[in-house]
Amino acid sequence: MTDAAESGSLFDHLEASTGRERKGMAAKTSKSKGAAERMAAKQREISVSEFFTKNRHLLGFDSPRKALLTCVKEAVDNSLDACEEARILPELAISIQKLAGRENIYTVSIEDNGPGIVKAQIPNIFGKLLYGSKFHRLRQSRGQQGIGISAAGMYGQLTTGNPVRIWSRTGSRAIPHYFEVRIDTAKNKPTYEDKATDWDGKKHGTKVEIDLEGEFRRGQRSVQEFLKLVAVANPHVHLTYSDPEGQELIFESVTKDLPKETDEIKPHPHGVELGILMKMLHDSEQRWLSLFLQREFSRVGPKVAKSICSTAKLSDRAHPKRIARSEVDKLKKAIDQTKIMAPPTSCIAPIGEKLIIKGLEKEVEADFYVASTRSPSVYRGHPFQVEAGIAYGKPGDTMELLEDGKIIKSAKKKKKRPDEVLLADANEQIRLIRYANRVPLLYQQSACAINKAVVSTNWRGYGLSQPRGSLPVGPMVIMVHIASVWVPFTSESKEAIAAYDEIIKELKLCLQECGRKLGTHIRKGKRLANEFKKRNYIETYIPHIGQALQEILHLSDPQTNKTVKCLTTVLEKSRKF
Amino acid sequence: MAASKKASKKTTKKKRPEQSKMDAKTIQSIDSTAKMVHGKIIKLDKPELKLPQRSLANVSYDRRVGHFKLGRIRKARALTVNTVKSFAQTLKLMAFSKEMVQEDDFATKREAYYVSKNWGDAKFREQPESDAVMDDIEALFSLEGLSREHLRFYPEEHGGAVAGELTVIDRDEETGKPIEIDCTGFGSGAYSIPHSVEHLKFKTGAKFILAIETGGMFQRLNKHRFWRDSKCILVETMGVPTRATRRFIRMLSDSVKIPVYAFVDCDPYGISNIYRTLKVGSGNAAHLNQFFCVPKASFLGVTPQDIIDFKLQDATHPLADVDIKRAKDALKNDPFFKAHVRWQKAIQQLLKMGVRAEQQALAKWGLNFVIEEYLPRKLKQTGKFLP
C-alpha cells in the first residue's frame, strides 16, 4: 500500500511546520513572563499520533463496530488506489477472523495484487500518521490525506497491543518482505522489525494484517455492505470476502477497463486561499510575479497573468517573495476579479453511465436501470464531476408487454438473503448510496450534500411519492458519485460531503436527468399494470360469455373452447396500448 | 355450468304445452342475437351488443301513436372494462330466458337475481343490477315486438282489482283448458289481475273502463254496484298502475274497443305520475310503453276546474313543495304535457290555486255524492275530458 499523507482542513488552525513530506505540529510558545513562564513549562509539542489517540472518533474509530469497518475501508481504498495508479486490474481478498481466545478481537487481513511497496517506505506508510503521496497533488484518488491506514494500525495497536503485519513484494524478481510495525505515538514515528519471508504464489502485491477490537455485524453499515457498495461503483474490481462466521463471498468484476488514467493538475487560481497563496509566493522559485502565476497555476497564460497584475496594480516583474501582506490581498482580489478559464478536467475520471449501470446490474436486482454522468464543473477552483444511477423496481413487480400484445409479469429472479438486498421495499424510503471518488460513504447521510440534493429534487414529478422534506418512497436505489481532485468532506472521517452551491446544483441536474428517464419508465409501468388489471378483469368474464353462447346455441364443448380462445385473442388484439 | 342449469330448472312436472307463436319468435330472437355475437367472435371481430338506451333523452312522444317511443340512441356492451360484466350477464340472462321459454316456466325479477348467484364472477351483487340488465334485454327485444313477459320475466307485484260486467277467459294451469271468470260474481270482493295477462281473453258488454286510483273509492263504487248502473268495468290502480294492470287495461280496451277514463286525485302526483304513466308510459321504461300504456285513456277527474265547479275549495290542502316541483317539472320537461296545451293550462291553474284535492274530498257533500252527482255529471260530458 502506497498511501499516507496529511490532512488539510483539520490543521488550518495549527501552524504548519517543516518541509513538503512532513507536517508536524509545533506547540505555540508564549513569550510573556510570570504565569506565562510557568505555563510555558507545561507546553510541549503534541504529536499527531497522540492527538488522534485521544480523538479517534475524528477518523471513524468511535465504536468497535465502526472501527472494524473503517479499518477495512482504509485498507481497501489504499489497495485500489495503488493498483489503479500502477494500471493493474485490482483483485482483493478481504478476510475478518476472530482471534482465538480473545473476546471481540478480530484479525482483519487485506491482500491485493498491487505494485507492492518498496522496503524503505513500509514503516513510514504504516507507522506514521500523515505520511503519503496524495495530499500534495491535485489528482483524483480515494485517499486524500494519508491518515487512514496508519490510524487503523494505531487503533489496532491501542486495543490489542499487536503490531501491524505487512507482507509486500514489488515484482517477481524482488524479494518479498515481512514487517511488523508499531507506532511510537509520542513521536509519531514507526518502530519495526523486518524479517525475510517467502511469499509464494504472488508476483507482486501487499498484504496487511491488523488485530483490533471490533464488533462483527451484518446488515446496514456492515463490512459486507461496504464491499457490495464498492463493487457497485468499481465494476473493474474483483473482491473476495470471508467473514468470521465462515461465509465466503465473491464480487466478480464485470469489466476489464480500468478507470481512465487521470492527470495531476496545478491548482486553479480561483480555488486558492489567501494563506496558501502567501505560502506559494514564498516557496516559489520564480522571480517574476507574472511567471509565478503562469507556472504555479493552471489556466494562467501570459495574457491572463498580465491582466491580474495590472488589476492588482503590481508590476508583472515584481519578485514573488517580496510581495507584502497588503499586496497579497490585492493580488487575491485581482485573481478573483479576472475571468479565467475553468480548470482542466483531465484530472477526474468518472465511472461513466455504462459502467454505473453494469455495476448496479451486477449487485442490485431490479427491473430498470438508468444512469447519467454530468460534464465536469468547478467549485472554488476545484474541478468535480457528478454522476448518478438508479435501479428501480423489484423483479417480478412490473409488467412486460410482449410483441403479440400479451402482458405478463416479468420473470421473478431468485431471492437473495434480505441483508444482501439493497433495493428498498415499495412502501419504504428509497436507498441512497453515496460515493466520493468511488468510495462508498456509509455514515452521516443526512449531513451530506448528496442527501440534500436528493431530498430537494421533486420526485413526485417522476411518479414516485415523496413526503415533504425527505427521500422519496419506492423500490429504488439511487447511487450518486462525486469525483473530484479534492472532495470537500465535512470531517476527517470522510463521511459527508459539504454542500457547496455548485455541487448541489450539479447534483440536482444530474438527478433530474435520471429522474426524467425513470419517470418515463414508471409511467409506462403504471400504464402497463393498469392495462394488465383491466385485461385480467375482462378475462374473468370471457368464460361466462362462452358459456352463455353455449347454452343458447347448444355449442359443443370444443366449439365453446374455441369461442373462449377467440375471445381472448380478440381482447389482446383489440386493446391498443 | 351443468350445475347452474340444474339449479335454474324448475321442478314442476307439468306437460310441456305447444310452443306458441310468440314463444317461437322469442327463441328465434334470442338465437339470432347470440349467433350474431358468436359469428363475430369466430371471425376474430370485436363482439358487441347494441342495446337501446333507456332514458328520457332517448324518448319521443308521438301524438298519433299515443305513447312514448324509444329513440335511436344505442349503448354498446362489448369487451371493455366498463361493459364486459354486463355483456356477459346480458348473454347469461338471455340464455336463462330461452331456457324458461322452452320449459314454459317463468321467473320473477327477484328469482332471476337469485339464479345469477350461481354464475360465479358474473353474478349480480344487488337486485337493481339484475333489474337493469333485464330492462336492457327487454328494451332490445321490444324492438321486435316482444315484452318482458314473453321473455318469461314476470313482475313481482300482481295487478289491481277488477269488478264489473266482464268475463275474463283464462286457462287452467294444469290442463290448459279455458276458464271463464265472471267479474260480477265476486260479491264484496273483486277479481285480481294476475302477474302475466298475455294469454287472457275478454267478453264484455260494458261501455267504458273506469281506472280508479284509491282502494277506498273502488270499494265504494263496487259496493254500490256503480258498474251495473253505468255499464262499466271498475279497475283499481292502487297508486301508479303496475305493469300487469296497465297491460290488462290496454288489452281489454284494445280487444273490446271501449274508452278508458281515469279517476284520480287532483294533485301533480295523480296527474303526472298515475295518469301520465297509465296513458303514455313512463320515461325511464320507454321500451315498455308500446305494451304497457293505454293511449285511449282520458282524464275524468278530479280536475282543477272540478274544485271550482263542485265547490271543493274548503276541502283542499295546500300544495307541498314536492308537488309544486313535480308540476313545474311536468310543464317543463315532460314531452306528453308539452304536447297538450289543455294539460298545460290545467296544471297552471292548479299551481295558481296552490291546492290539491283528493277523490275523497267529494265526500264533503255526502258519502255517495260521488255516485249520485259527480260521476254521472262528468260522464255526460266525456268529450270534455282532459286528453
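The questions and answers below concern the chains, their contact and their sheets.

Trainee: How are residues and chains labelled, and what kind of model is this?
Mentor: Residues are numbered from 1 along each chain as its sequence is written, while chains are lettered from A and ligands numbered from 1 in the order in which they are written. Local features need pLDDT of at least 70, side-chain atom pairs count only at pLDDT 80 or more, and totals for chains, interfaces and linings use all residues, for this is a predicted model.

Trainee: Which helix of chain B gives the most to the side that touches chain A?
Mentor: The contact takes 20 residues from chain A and 25 residues from chain B, two residues being in contact if their C-beta atoms, placed from the backbone, lie within 7 Å. On the side of chain B, α2 (21–42) and α3 (84–103) each supply at least two residues; helices (H or I, at least four residues) and strands (E, at least two) are DSSP runs, numbered from the N terminus. With nine residues, the helix that gives the most is α3(B).

Trainee: What percentage of the residues in chain B is buried?
Mentor: A residue is buried if 20 or more other C-beta atoms lie within 10 Å of its own, with C-beta atoms placed from the backbone. Chain B has 387 residues, with 15 helices and 17 strands. The buried share is 44%.

Trainee: Which strands stand at the edges of the eight-strand sheet in chain A?
Mentor: This open sheet has mixed pairing and the order β5-β4-β3-β6-β2-β1-β7-β8; two strands pair if DSSP finds at least two bridges between them. Each edge strand has a single partner strand, so one side of each is left without a neighbour in the sheet. The edge strands are β5 (189–196) and β8 (248–251) of chain A.

Trainee: At about what angle to β2(A) does helix α3 of chain A run?
Mentor: Helix α3 (residues 64–85) of chain A lies across β1, β2 and β6 (205–213) of that chain. Axes are lines fitted to C-alpha atoms, for helices over the stretch in contact, and angles run from 0 to 180 degrees between N-to-C directions. The angle to β2(A) is about 10°.

Note on methods:
Buried ≥ 20, exposed ≤ 12 C-beta atoms within 10 Å, placed from the backbone.
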